[in-house]
Amino acid sequence: MNEFFTLTTSLSAYSKWILIRLILDKTIEGKLSKADLIKLGCPHNKFKKVVDELLKINAILVHNVEHIKKGRPSNSYIFVYDKYTEMNKLLSSEMLAQIEGEDFRVPVKIVWCFFCLNKDEFGFVENLSVPVIAKACKLKNVEVKTAIAQLVASNKIQQLITGCTFKKNGLFTHEENLPITKRASAYALSIPNYDTVDELKATPLNFNF
């Protein structure tokens, strides 16, 4: 599994999404206000939780802003996350723009990012079951299933194999000795890992089976 999801196991799906946006947004400089984080996709009702979680892993620092007017001063934040990830190689800002252009909720976007960060060189994601994806994304199983259905419907991914549980069959007793009793689903991303938008548009990836 990609190291981003192993480094951020404590974060909610919303915090993971904001952290991804912060890592990939090359225009971020200086201090971040509440409005900046909201613009990046942090829902108003999740703001406090997202900030608290990002503070706990030292992804952001609080910068107190002094006001001439009386009243409680508002905080701004400095983005200082320096954990090494290969995110810029696997999930470009152009690929992120693809999902940002859709009317998806955060759970769908974070599942999309999970697929992008865990695909192989051919765009396939294999051997990762719904419960594994849900745990990594900090979502419920039903939220992951809904996200996958929406990504398939919008042609962002193709579900090539549906996961299932193998049952013992009395006619084939050798199956009782098989260590694997479950098969995870397999997926294919509808876009390859190209570096530029022009290449992305010029060379579609087609799968024929």
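Q: Hi! Which residues touch the most other members in the largest nonpolar core?
A: Leu91 and Phe115 do, within a core of 58 residues. A nonpolar core here is a set of buried Ala, Val, Leu, Ile, Met, Phe, Trp, Tyr and Cys residues joined through side-chain atoms within 4.5 Å. Buried means under 20% relative accessible area, exposed means over 50%, and partly exposed lies in between, using a 1.4 Å probe and protein chains only.

Q: What kind of model is this, and how are residues numbered?
A: This is a predicted model, where local features need pLDDT of at least 70 and side-chain atom pairs count only at pLDDT 80 or more, while totals for chains, interfaces and linings use all residues. Numbering starts from 1 along each chain as its sequence is written, and side-chain values use heavy atoms, with hydrogens and water left out.

Q: Back to the core, then. Which residues does leucine 91 touch?
A: Leaving out residues up to four places away in sequence, leucine 91 touches Ile20, Leu24, Leu96, Cys113, Cys116 and Leu117. Contact means heavy atoms within 4.5 Å.

Q: And what makes up the whole protein in terms of helices and strands?
A: The protein has ten helices and eight strands. Those are DSSP runs numbered from the N terminus, with helices being H or I of at least four residues and strands being E of at least two. Of the 209 residues, 40% are buried. Among contacts with a separation of 6 or more, 63% come from residues 24 or more positions apart.

Q: Which residues make the contact between H7 and H8?
A: On the H7 side they are Ile110, Val111, Phe114 and Phe115, and on the H8 side Ile133, Ala136 and Cys137. By class, that gives seven nonpolar, no polar and no charged residues. Ala, Val, Leu, Ile, Met, Phe, Trp, Tyr, Cys and Pro count as nonpolar, Asp, Glu, Lys and Arg as charged, and the others, Gly among them, as polar.

Q: Nice. Which residues of H8 are buried?
A: Val130, Ile133, Ala134, Ala136 and Cys137 are buried in H8. They cover an arc of only 165 degrees around the axis, so they sit on the same side of H8. The arc is that of the directions from the helix axis to the C-beta atoms.

Q: What do the buried residues of H8 pack against?
A: They pack against helix H1 (3-7), helix H2 (13-24), H7, helix H9 (141-153) and strand S8 (186-189).

Q: What about valine 132, where is that?
A: Valine 132 is in helix H8, and at 33% relative accessibility valine 132 counts as partly exposed. Its C-alpha atom is 9.6 Å from that of alanine 184, 52 residues apart along the chain.

Q: Switching to lysines: is lysine 109 buried or exposed?
A: Lysine 109 is buried, with a relative accessible area of 12%. Lysine 109 is found in helix H7 and touches Trp17, Ile99, Glu100 and Phe104, again not counting residues up to four places away in sequence.

Q: And lysine 138, where does that lie?
A: Lysine 138 lies in the loop between H8 and H9. Its phi is near 60 degrees, a positive value in a residue other than glycine. At 42% relative accessibility, lysine 138 counts as partly exposed.

Q: Last one: what does phenylalanine 47 touch?
A: Phenylalanine 47 touches Lys34, Leu37, Ile38, Cys42 and Tyr77, not counting residues up to four places away in sequence. Phenylalanine 47 is in helix H4 and is buried, with a relative accessible area of 11%.
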